[in-house]
Amino acid sequence: MLFNYKKKFLFCLLACCILSVMWPRSSSADIAKTKYYRAEACYKKLRHSPKKQKYRCYWLGCIEKFQSVYRHNPSGPWAAAGLYMSGTLYQELYRRSFKASDKKAALDIYKRIIKGYPKPHQTHPTHQTHPT
């Protein structure tokens, strides 16, 4: 009788292992894409609410969402877009706050994008010249 329980237990354990390997998982790019779209929705709400635009906390909340896209996978396909939008929001915030720290944050982010991400013609195969 004890042997039967061990067999059933091992069978269930094996089935769980097989299912966990075969179960579809979200890719890192899908997660980053979802994060990006959530950050974009945050920014859209902010753009359409003059009342919220007056408060720094709403700007910083959206900026944080865009930066989380970058932090999720700094070398992923959505990273540069997340950084760019966080820089853009800091720039917009500076136009309202006139705080030097907001302007500096925007410039630092833009510099990081320029330094850390190659130009499209260097990475995209269709932009490379082929010898004839």
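This is a conversation about a predicted model of a protein and the reasons behind the labels given to its parts.

Colleague: How confident is the predictor, and where is the pLDDT below 50?

Modeller: The mean pLDDT of the protein is 82, and 70% of the residues reach 70 or more. Over residues 121–132 the pLDDT is below 50, and beyond near neighbours in sequence this stretch has six contacts in the model. Where pLDDT is low, the predicted coordinates should not be read in detail.

Colleague: What share of the residues is buried?

Modeller: Of the 132 residues in the protein, 25% are buried. The accessible surface comes to about 10200 Å², and carbon and sulfur atoms account for 63% of that.

Colleague: Why is Ser86 called buried?

Modeller: Buried means under 20% relative accessible area. Ser86 has 0%, so Ser86 counts as buried. Ser86 is found in helix H5, residues 79–97.

Colleague: Which residues does Ser86 touch?

Modeller: Leaving out residues up to four places away in sequence, Ser86 touches Ile63, Phe66, Gln67 and Ile109. A polar atom of the Ser86 side chain also lies 2.7 Å from the backbone oxygen of Leu83. The cut-off for a polar contact is 3.5 Å, and 2.7 Å is within it.

Colleague: Gly76 lies in a loop. Is Gly76 buried or exposed?

Modeller: Gly76 is buried, because its relative accessible area is 12% and the limit for buried is under 20%. The loop in question runs between helix H4 (56–72) and H5. Gly76 and Lys33 are 43 residues apart in sequence, and their C-alpha atoms are 10.0 Å apart in space.

Colleague: Which residues touch the most other members of the largest nonpolar core?

Modeller: They are Tyr43, Trp59, Phe66, Met85, Leu89 and Tyr90, in a core of 21 residues. The elements that give two or more residues to this core are helix H2 (28–47), H4, H5 and helix H6 (100–116). In soluble globular proteins, nonpolar side chains tend to be buried together.

Colleague: What does Tyr43 touch?

Modeller: Tyr43 touches Trp59, Cys62, Phe66, Met85, Leu89 and Glu92, not counting residues up to four places away in sequence.

Colleague: How many aromatic pairs does the structure hold?

Modeller: The structure holds seven aromatic pairs. One of them joins Tyr55 and Tyr58.

Colleague: Why is the pair of Tyr55 and Tyr58 called edge-to-face?

Modeller: The ring centres are 6.3 Å apart, within the 6.5 Å needed for a pair. The angle between the planes is 75 degrees, and over 60 counts as edge-to-face, so the label applies. Tyr55 has a relative accessible area of 46% and is partly exposed. Tyr58, at 36%, also counts as partly exposed.

Colleague: What kind of aromatic pair do Tyr94 and Phe98 form?

Modeller: Tyr94 and Phe98 form an edge-to-face pair, with 6.3 Å centre to centre and 75 degrees between the planes. Tyr94 is partly exposed, with a relative accessible area of 25%.

Colleague: Why is Phe98 called exposed?

Modeller: Phe98 has 63% relative accessibility, and exposed means over 50%, so Phe98 counts as exposed. Phe98 is found in the loop between H5 and H6. The phi of Phe98 is near 60 degrees, a positive value in a residue other than glycine. Most residues other than glycine have a negative phi.

Colleague: Which residues form an aromatic cluster?

Modeller: Tyr36, Tyr37, Phe66 and Trp78 form one aromatic cluster.

Colleague: Where does Gly116 lie, and how accessible is it?

Modeller: Gly116 lies in helix H6. Gly116 counts as partly exposed, because its relative accessibility of 46% falls between the limits of 20% and 50%. Gly116 and Ser75 are 41 residues apart in sequence and 9.2 Å apart in space, C-alpha to C-alpha.

Definitions and conventions. Residues numbered from 1 in each chain as written. Predicted model: local features only at pLDDT ≥ 70, side-chain atom pairs only at ≥ 80, totals over all residues. Heavy atoms only, no water. Buried < 20%, exposed > 50% of the residue type's maximum accessible area, 1.4 Å probe, protein only. Areas by Shrake-Rupley, 256 points an atom, 1.4 Å probe, with all protein chains shown as cover. Helix = DSSP H or I, 4+ residues; strand = E, 2+ residues; numbered from the N terminus. Polar contact = N/O pair within 3.5 Å; in protein donor to acceptor, adjacent residues only side chain to side chain. Contact = heavy atoms within 4.5 Å. pLDDT = per-residue confidence, 0-100. Core = buried A, V, L, I, M, F, W, Y, C linked by side-chain atoms within 4.5 Å. Phe/Tyr/Trp six-rings, centres within 6.5 Å; stacked < 30°, edge-to-face > 60°.
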